[in-house]
Amino acid sequence: MATEDLPARHQCRPAEHDARAETQRPAGAFKGAVALFKALADERRLRTLELLSASEACGSEIAATFDEPLSTVSHRMKLLEGAGLVSRRRDGRHIFFKLADDHVLRLVRDALDHVME
């Protein structure tokens, strides 16, 4: 509902409020957060992050868990890695993935807990 759609008794006048400063965060932080939320905005990607919240996993393990081709998992992991949500390490022929840091762990858990309340 737009401000002009509100009854006059519910509308504020700018003079009634102290000026609020814009955020001190750089514009790049908002662009990065939007990219992060876009990467999270897919159920399979979110499920993959939730899987990795327990421990790291290799690509073939993730593919087996979700019963999908390794190429599909590889594409998904590349996207998640590009968004800074996961990191990878190679051990011989296997590539292992884990959450990038504790922020990602909290973000995933908080999002799931929030919608379950």
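Colleague: How many helices and strands does the protein chain have?

Modeller: This is a predicted model. The protein chain has 5 helices and 3 strands. From the N terminus on, the elements run α-α-β-α-α-β-β-α.

Colleague: How do you know what the radius of gyration of the protein chain says against that of a compact globule?

Modeller: The rule takes 2.2 Å times the number of residues to the power 0.38. For 117 residues a compact globule would be near 13 Å, whereas the protein chain has 21 Å. Along the principal axes, the C-alpha trace spans about 65 × 30 × 25 Å.

Colleague: What makes a residue count as buried, and what percentage of the protein chain does?

Modeller: The cut-off is under 20% relative accessible area. Of the 117 residues, 22% count as buried. The accessible surface comes to about 9000 Å², with 52% of that belonging to carbon and sulfur atoms.

Colleague: Why is the set of 18 residues called a nonpolar core?

Modeller: Because its members are buried residues of the nonpolar types, joined through side-chain atoms within 4.5 Å. Those with the most contacts inside this largest core are L49, L52, I62, M77, L85 and V86. The elements giving two or more residues to the core include α1 (27–40), α2 (43–52) and β3 (94–99).

Colleague: Which residues does V86 touch, leaving out those up to four places away in sequence?

Modeller: V86 touches L49, L52, M77, L80, E81, F97, K98, L99 and A100.

Definitions and conventions:
Residues numbered from 1 in each chain as written. Predicted model: local features only at pLDDT ≥ 70, side-chain atom pairs only at ≥ 80, totals over all residues. Heavy atoms only, no water. Helix = DSSP H or I, 4+ residues; strand = E, 2+ residues; numbered from the N terminus. Buried < 20%, exposed > 50% of the residue type's maximum accessible area, 1.4 Å probe, protein only. Areas by Shrake-Rupley, 256 points an atom, 1.4 Å probe, with all protein chains shown as cover. Contact = heavy atoms within 4.5 Å.
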